[in-house]
Amino acid sequence: MLRRINDALPGLVGGIILYGAVIELVGVWFVSDKLSYSIGLWYGVAIAVGMAINLATVIYDAVASGGEGKRANRRVIARSLLRYAVVAVLFFALGFFNFGNLLMAFLGVLGLKISAYMQPVIGKIIGRFKKQDLMVLPDTAAGNNGAA
């Protein structure tokens, strides 16, 4: 489903979740309030995933709208401001009701940036494995089982 919106979106969401898992496994051992740490972190990761999906849909809608010009530009700006307002309200709710660690929620949201920066590197690594697999497949498909 995510690939229908943007080809890079599944990798971005996967990277955010992987980042959250790494931060969870590394940090949970060093804090006294493990539940608050975990709730805050996964709250932030959920916000980051929501932001990534929203960002991809806004970009898709802007590109699909074609040459609407100023109207499309205003729509992109309005939806971006709405996205940040929702994030601010969600952070305010977390801080007001104190059901999770606010700092960890912020670190969870940073997973969006980390995943976006790491995506080209991970793409190259995955591309190398796929390229090696593709190099083996044509020889076996020809029926000579790799013999030259």
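## Ground rules

Buried here means under 20% relative accessible area, exposed means over 50%, and partly exposed is anything in between (1.4 Å probe, protein chains only). This is a predicted model, so local features need pLDDT of at least 70 and side-chain atom pairs count only at pLDDT 80 or more, while totals for chains, interfaces and linings use all residues. Residues are numbered from 1 along each chain as its sequence is written, and side-chain values use heavy atoms, with hydrogens and water left out.

## Overall layout

The chain has five helices and zero strands, taking helices (H or I, at least four residues) and strands (E, at least two) as DSSP runs numbered from the N terminus. Reading from that end, the order is simply α-α-α-α-α.

Of the 148 residues, 27% count as buried. A contact means heavy atoms within 4.5 Å. Take the contacts between residues at least 6 apart in sequence, and 66% of them join residues at least 24 apart.

## α2 against α3

Helix α2 (residues 9-27) and helix α3 (residues 34-64) have axes that come within 10 Å and cross at roughly 170°. That makes α2 roughly antiparallel to α3. For the geometry, axes are lines fitted to C-alpha atoms, for helices over the stretch in contact, with angles running from 0 to 180 degrees between N-to-C directions. Angles under 35 degrees count as roughly parallel, over 145 as roughly antiparallel, 65 to 115 as roughly perpendicular, and the rest as oblique.

On the α2 side, the residues in contact include L9, L12, V13, I16 and E24, and on the α3 side they include Y37, L41, W42, V45 and A56. Sorted by class, this contact has 16 nonpolar, three polar and one charged residues. The classes work like this: Ala, Val, Leu, Ile, Met, Phe, Trp, Tyr, Cys and Pro are nonpolar, Asp, Glu, Lys and Arg are charged, and the others, Gly among them, are polar.

How many salt bridges does a search of the whole structure find? The search finds one, with a salt bridge being a side-chain nitrogen of Lys or Arg within 4 Å of a carboxyl oxygen of Asp or Glu. The partners are R79 and D61, at 2.6 Å from N to O. This pair links distant parts of the chain, 18 residues apart, with R79 in helix α4 (residues 70-97) and D61 in helix α3. R79 is partly exposed at a relative accessible area of 29%, and D61 is partly exposed at 31%.

## The nonpolar core

A nonpolar core is a set of buried Ala, Val, Leu, Ile, Met, Phe, Trp, Tyr and Cys residues joined through side-chain atoms within 4.5 Å. The largest one has 22 residues, and I16, I47 and L112 have the most contacts inside it. Helices α2, α3, α4 and α5 (102-141) each supply at least two of its residues, and α3 gives the most, with ten.

Leaving out residues up to four places away in sequence, L112 touches L12, I16, A48, M51 and A52.

## A buried serine

S36 sits in helix α3 and is buried, with a relative accessible area of 17%. Not counting residues up to four places away in sequence, S36 touches G100 and N101.
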